[in-house]
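Please look through the structure below with its aromatic side chains in mind. The briefing that follows takes ring pairs and their surroundings in turn.

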Amino acid sequence: MRWAAGVSDVPEAEAAFEQAAEGVRRGLGGAAPDLVLLFVSRHHGADEERILETAREAWPRALLLGCSAQSVIGAGREIEHRPGLSLTAARLPGVEVRPVRLGEDAASDPDPNAWDEAAPGAARPAHLVLLADPFTCDAEALLSLLDARLPGSVKIGALASGGTRAGENALYLGDALYRGGLVGVALGGALELDAIVAQGCRPVAQPMFVTRCRDGRVCELDGRPAVEALRGVYEGLPPADQELARSSLFLGIEMQSSRSEYGPGDFLIRNLVGLDTEGGALAVGAHLRVGQVVQFHLRDGRASAQDLERHLTRYAAVRHGSRPGGALMFSCLGRGRHLYGCPDHDTELFRRRVGDVPIGGFFGNGEIGPVEGRTFLHGYTSAIGIFRPRR
């Protein structure tokens with residue numbers, strides 16, 4: 001197994017591709033890859049089809065997977081809000097590589113055998129890298145279905161970014177460019193995929209039960225109007241956190257209902273969309289049910305950095321004996337320079353804790369990754385997939 005990564009911030013599309021491709025060729029020693037991952041910033045939107053053609057001409061035997069992005073990650077760099085093109089490629093002897101494609105409204109999954117056929121037939125389940133369009137694919141419903149269909153398979157990925165409405169994002173698979181649905185790759189055989197999901201938020205106050213909710217609105221928390229409960233949380237915060245709460249307050253929703261205690265990383269982070277001061281309800285960007293545990297969260301750079309460092313340090317300490325070959329990083333659009341005040345934070349921390357492993361990826365509209373055996377669509381996280389030989 002051999003991986004390589006290249007990246008470019010050259011504004012001209014063909015020159016950018018060639019610069020990134022040179023990094024890949026150098027890393028692979030000229031060998032032909034079996035898998036190529038391509039992430040292209042929307043600044044190159046007018047050249048998306050030409051970039052696809054160029055990639056197919058460069059590596060005709062490889063399976064190509066990729067998408068458009070607001071910002072890209074590659075070769076230790078995070079190129080944000082400017083032209084960027086990232087290529088990550090792998091030579092995968094002993095690994096079966098198969099494409100995965102579902103059209104719009106993918107979660108309906110009309111063919112009950114579709115996923116069984118997409119995954120390579122093997123005693124151990126194939127792992128999946130998934131890229132979806134946020135406007136035409138119900139990723140949360142699909143991930144729940146996939147966990148039921150493919151237990152034991154690690155799923156990692158993200159929602160494409162850069163577009164503002166359906167039809168604007170690009171999804172690459174093989175020779176085709178799609179404008180909706182989902183694309184992916186199933187990897188079976190001599191390969192393992194380890195996943196790290198690090199959130200950028202920290203919990204504040206205490207967890208509460210949803211005691212009344214309706215249509216994406218939290219009406220009561222612990223029997224009190226939700227706005228009243230929020231006001232109590234806010235008044236109990238120190239002044240610095242009160243200032244942060246005015247722009248960076250979120251609601252965390254439990255991921256495992258069987259827990260009796262909750263800590264950092266135990267919640268799915270979702271946006272607070274609005275509040276009804278007269279009715280006392282909070283509008284949340286999620287489906288809720290009575291009895292769920294929720295907790296308010298704040299987002300800041302320090303908490304995010306500490307959480308990622310904790311996950312990476314733990315991974316480096318318990319690594320399974322084989323050196324990682326390559327990695328993919330899918331970060332939220334809310335991370336990066338805006339959160340940390342400096343460039344390349346997460347990729348540099350990955351290099352320091354895990355090693356000089358070829359890494360590519362992009363900043364997405366949502367991140368896909370597992371927590372305690374279940375796959376979720378996350379927000380404000382870095383979801384990292386680390387590939388290593390299967391022993």
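The points below are grouped by topic, after a short note on the model.

This is a predicted model, in which local features need pLDDT of at least 70 and side-chain atom pairs count only at pLDDT 80 or more, while totals for chains, interfaces and linings use all residues. Residues are numbered from 1 along each chain as its sequence is written, and side-chain values use heavy atoms, with hydrogens and water left out.

**Aromatic pairs**
- Rings of Phe, Tyr and Trp (its six-membered ring) pair if their centres lie within 6.5 Å, and planes under 30 degrees apart count as stacked, over 60 as edge-to-face and the rest as tilted; by this rule the count comes to 7 aromatic pairs.
- Trp-3 and Phe-387 form a stacked pair, at 4.7 Å centre to centre and with 25 degrees between the planes.
- This pair links distant parts of the chain, since Trp-3 lies in strand E1 (residues 2-8) and Phe-387 in strand E26 (residues 381-389), 384 residues apart; strands (E, at least two residues) are DSSP runs, numbered from the N terminus.
- Both Trp-3 and Phe-387 are buried, where buried means under 20% relative accessible area (1.4 Å probe, protein chains only).

**A cluster of rings**
- The pair of Phe-330 and Phe-362 is edge-to-face because the ring centres are 5.6 Å apart and the planes stand at 80 degrees.
- Phe-330 belongs to strand E22 (residues 326-332) and Phe-362 to strand E23 (residues 359-364), 32 residues apart.
- Phe-330 is buried, with a relative accessible area of 0%, and Phe-362 is buried with a relative accessible area of 0%.
- Ring pairs join Phe-39, Phe-330 and Phe-362 into a cluster.

Notes: Helix = DSSP H or I, 4+ residues; strand = E, 2+ residues; numbered from the N terminus. Buried < 20%, exposed > 50% of the residue type's maximum accessible area, 1.4 Å probe, protein only.
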